[in-house]
Amino acid sequence: MDIVERLTQFGLTRHEASIYLTLLAEGDLNGYEVAKITGISRSNAYTSLASLVEKGGAYVIEEATIRYTPVAISEFCENKIRKLQQAKQDLIVTIPTKRDAVEGYITIKGENNILNKLRNMILEAQERIYISVPGQILKTVLPDIKEAINRDIKMVIITDGSLSLAGATVYIADQPLQQIRLIVDSTNVLTGDMNNGEHSTCLYSRKRNLVDLFKDSMKNEIKLIEMTKGN
């Protein structure tokens with residue numbers, strides 16, 4: 001993901017992102033200079049500059065010729081995140097009451113969506129987590145795991161490679177490529193793989209029989225690891 005694409009995640013169009021990067025690199029510029037440097041037409045440059053100011057990416061310097069100065073990237077991002085956090089709280093308060101949790105089998109597609117579900121399940125845990133993932137995926141969710149441990153969540157981890165983590169019980173074993181198994185609070189399970197990018201698929205369920213099946217499977221795997229280590 002390039003810088004322009006990352007900036008679009010903060011609400012900028014590609015033109016606005018390119019202009020913002022130009023202001024950061026060149027300093028204060030007027031609309032003509034922005035158009036000349038970026039190659040964007042003058043009309044589009046002025047329109048994008050006005051929008052960039054409205055979105056909090058630049059300030060206007062009132063002189064004989066209006067110039068634009070960029071807002072520091074850290075300040076711009078923090079302002080956006082703060083606004084989103086407030087929007088989140090407003091939605092939580094005003095959104096219709098959540099229905100009872102779906103008891104069926106839900107398919108989650110795409111690497112990013114699977115990672116988001118994995119992280120949210122860890123963050124929402126109340127008592128215990130059993131997680132079996134390769135080290136590469138574990139590294140991505142390790143901050144969330146540490147936060148859960150700090151909340152006194154019982155943490156059992158099965159992974160490959162090597163890992164020492166205070167507050168967690170860790171078992172080292174060979175892991176199938178990018179395979180995920182997660183059980184949270186003995187009430188919900190996520191299982192599948194992430195070896196196919198956006199075509200990756202995982203199954204999420206709160207079905208008791210599936211949860212119990214995976215609990216037994218992971219317990220048996222732990223016993224096997226302990227037996228193997230004993231040998």
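Overview of a predicted protein chain

A search of the whole structure, which is a predicted model, finds 0 disulfides. A disulfide here would need a pair of cysteine sulfur atoms within 2.5 Å. Cys77 has a relative accessible area of 18%, and because buried means under 20%, Cys77 is buried. Cys202 has a relative accessible area of 2% and is therefore buried by that cut-off too.

The next point is the make-up of the chain. The protein chain contains 8 helices and 10 strands. Of the 231 residues in the protein chain, 38% are buried. Contacts along the sequence can be sorted by separation. Among contacts in the protein chain with a separation of 6 or more, 56% join residues 24 or more positions apart.

Overall dimensions come next. The C-alpha trace of the protein chain spans about 80 × 45 × 35 Å along its principal axes. The radius of gyration of the protein chain is 24 Å, whereas a compact globule of 231 residues would have one near 17 Å.

Methods: Residues numbered from 1 in each chain as written. Predicted model: local features only at pLDDT ≥ 70, side-chain atom pairs only at ≥ 80, totals over all residues. Heavy atoms only, no water. Helix = DSSP H or I, 4+ residues; strand = E, 2+ residues; numbered from the N terminus. Rg over C-alpha atoms; globule rule 2.2 N^0.38 Å. Buried < 20%, exposed > 50% of the residue type's maximum accessible area, 1.4 Å probe, protein only. Contact = heavy atoms within 4.5 Å.
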